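Subject: Handover of a structure and findings

Dear colleague,

Please find the structure below, together with its sequence. My findings follow it.

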Amino acid sequence: MAKDVTARVTRSDGWWAVSVDEIPGLFTQARRLDQVVDMVREAGSLLGVDVGAVEVAPILDSDSQRMLEELEAARKEAEEKQRISSGLTREVIRRFRDEGLTLRDIASLVGLSQQRVAVLSKDV
């Protein structure tokens, strides 16, 4: 049966040093994070362990970790604002269409192409 593991990775001299607590003695390294899963599976097979799912858990210094958390928060905030903006855009297009404005005039007002306004006006 395949064993699911967590690969803890830290930067060391241009490499990612990899350890897996669930498999004693499993240590390896990778140049890039996208290589970690394959390296863990290969090292596991050398130790006679069938590795299933691998969660890659980078261990970063506190400043880098804080920056990543800020980035994630900013992205979530941007996604929420984009969702709100999309809803408002559709609402404005609907209102302007109800008032009899042309697609061209609406496009000029909302800053979209006439073609995009035409598509969005079908959705509202």
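Lys-81 and Glu-77 are joined by a salt bridge between their side chains, with an N to O distance of 3.2 Å. Please note that the model is a predicted one. The two residues are 4 residues apart in helix α2, so about one helical turn separates them. Lys-81 is exposed, with a relative accessible area of 53%, whereas Glu-77 counts as partly exposed at 46%.

Arg-83 is exposed at 53% relative accessible area, and Glu-80 is partly exposed at 36%.

The structure holds 7 salt bridges. One of them links the side chains of Arg-8 and Asp-21, at 3.2 Å from N to O. Arg-8 belongs to strand β1 and Asp-21 to the loop between β2 and β3 (27-30), so this pair ties together parts that are 13 residues apart in sequence. Arg-8 is partly exposed, with 34% relative accessibility; Asp-21 is exposed, with 54%.

Strand β1 (residues 3-12) also contains Thr-6. Is Thr-6 buried or exposed? Because its relative accessible area is 14%, under the cut-off of 20%, Thr-6 counts as buried. Beyond its neighbours within four places in sequence, Thr-6 is in contact with Ser-19, Val-20, Asp-21, Glu-22, Glu-55 and Ala-57.

As for Val-36, its contacts are Ala-7, Val-9, Val-18, Ala-30 and Val-56, residues up to four places away in sequence not being counted.

Val-36 is also one of the buried residues of α1, together with Val-40, Ala-43 and Gly-44. Seen down the helix axis, the buried residues of α1 fall within an arc of 105 degrees, so they line one face of the helix. Against which elements do the buried residues of α1 pack? They pack against β1, β2, β3 and β4. On the face turned away from the buried side, α1 carries the exposed residues Asp-38 and Leu-46. Just after α1, Gly-48 adopts a positive phi of about 80 degrees.

Finally, there is a nonpolar patch on the surface, formed by Leu-60, Leu-68 and Leu-71, which together have about 220 Å² of accessible area. Leu-60 is located in the loop between β4 (51-58) and α2 (62-98). With a relative accessible area of 31%, Leu-60 is partly exposed.

Yours sincerely

Conventions: Residues are numbered from 1 along each chain as its sequence is written. This is a predicted model: local features need pLDDT of at least 70, side-chain atom pairs count only at pLDDT 80 or more; totals for chains, interfaces and linings use all residues. Side-chain values use heavy atoms; hydrogens and water are left out. Patches are made of residues with over 30% relative accessible area and no salt bridge: like charges are joined within 9 Å, nonpolar side chains (Val, Leu, Ile, Met, Phe, Trp, Tyr) within 5 Å. Accessible areas come from the Shrake-Rupley method with a 1.4 Å probe; for residues, only the protein chains shown count as cover. A salt bridge is a side-chain nitrogen of Lys or Arg within 4 Å of a carboxyl oxygen of Asp or Glu. Buried means under 20% relative accessible area, exposed over 50%, partly exposed in between (1.4 Å probe, protein chains only). Contact means heavy atoms within 4.5 Å. The arc is that of the directions from the helix axis to the C-beta atoms.
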